[in-house]
Amino acid sequence: MRDVAPVSTSPRVLPPNDPRQYDDLAGEWWRPDGAFAMLHWLARARAGLVPPALTRDAVLVDLGCGAGLLAPHLAGKGYRHIGVDLTRSALDQAAAHGVTVVNADVTAVPLADGCADVVSAGEVLEHVPDWRRAVAEACRLLRPGGLLVLDTLNDTLLARLVAVEIGERLPTVPRGIHDPRLFVDARALVAECARHGVELRLSGIRPQLGGTLAWLLRRMRGTADRPGRSAPRIVPTRSTAVLYQGYGRRID
C-alpha cells in the first residue's frame, strides 16, 4: 500500500501585493470585522466626496472596485455604478451588490473616453506596478467637468512604517498585502493628474484614533461585528505623509 502525503491546510505564501491574495481572502470582503474592515471605512469617506448625480444617466466608474464596498454608500445618489477589477471572485460579489462589473486591469480599461461623470480610485494606485498608467486611464474616462476621487498611500518612510511595519502586524491587515515600492508620491500624483487635465487637491486622512483602538479591542474579544457597534470613521489630518485623499475635476 502506497503512503499518501497529507494535504496541507496552511495558507500559501505569496509575494507582497500578489493579486492572488484576494482570491484567498474572498470570504473577508463583507465581514465588518474582517481583513478588509478598513476598506469599508475608507469607502464611506470616499463616497462622502461624491455629490448626487446631476443627470439620470450619470455613470461612476470604480477602479479597483473589489467586492463593491463603495456601493452601499452610493445608494440614492443616482449613478450607474461600473466596477473594474482584476479579481473575478471579488467581482462576483460586487455584481451581487448591484455593480456592473468589468474584469480588467485598471491600466487598460475597456470603456470609452469621457464615459464617466465620476471616477473613483480607492486604495488601488498603491497596488499598481505603473500607477501613472492607471491615472492616465482614470483621467481619460472622465468627461470634461467630471470628478476624480481617490485615496492612496504616500511614498514616504513614515507610510512604510505605519502601513507595513506596524499595520501588517495588526490582526486586521493581511500580511504582504502591500509592496511599499509601489506607494504613490503625493506631489508626483498631483503633477501627473495635471498632465492629463485634472486639477487634483489633496488632504491627509487617518482612522479616528479612539474609535479604532476601541474597535481593535472589540475585535480581539470577538465582539466587533455585533449589531449596534459603530465602525471607526476616517477623519481629516494636516499631514499627507501616510494616507491621503484626492479630489479634482477634469478641466479640458
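Residues are numbered from 1 along each chain as its sequence is written. In this predicted model, local features need pLDDT of at least 70, side-chain atom pairs count only at pLDDT 80 or more, totals for chains, interfaces and linings use all residues, and side-chain values use heavy atoms, without hydrogens and water.

**The sheet**

Helices (H or I, at least four residues) and strands (E, at least two) are DSSP runs, numbered from the N terminus. Eight strands form an open sheet in the order 3-2-1-4-5-8-6-7, with mixed pairing; two strands pair if DSSP finds at least two bridges between them. Strand 3 and strand 7 stand at the edges with a single partner strand each, so one side of each lacks a neighbour in the sheet. Strand 4 and strand 5 run parallel and are joined by six bridges. Within this pair, Val118 has Leu147 in strand 5 as its bridge partner.

**Helices on the sheet**

Contact means heavy atoms within 4.5 Å. Angles run from 0 to 180 degrees between N-to-C directions, and axes are lines fitted to C-alpha atoms, for helices over the stretch in contact.

| Helix | Strand | Angle |
|---|---|---|
| Helix 2 (residues 37-47) | Strand 8 (243-250) | about 35 degrees |
| Helix 5 | Strand 5 | about 150 degrees |

**Helix 5 and helix 7**

Helix 5 (residues 131-141) packs against helix 7 (residues 186-195) at about 40 degrees, with their axes 10 Å apart. Trp131, Arg132, Val135 and Cys139 of helix 5 meet Ala188, Leu189, Glu192 and Cys193 of helix 7.
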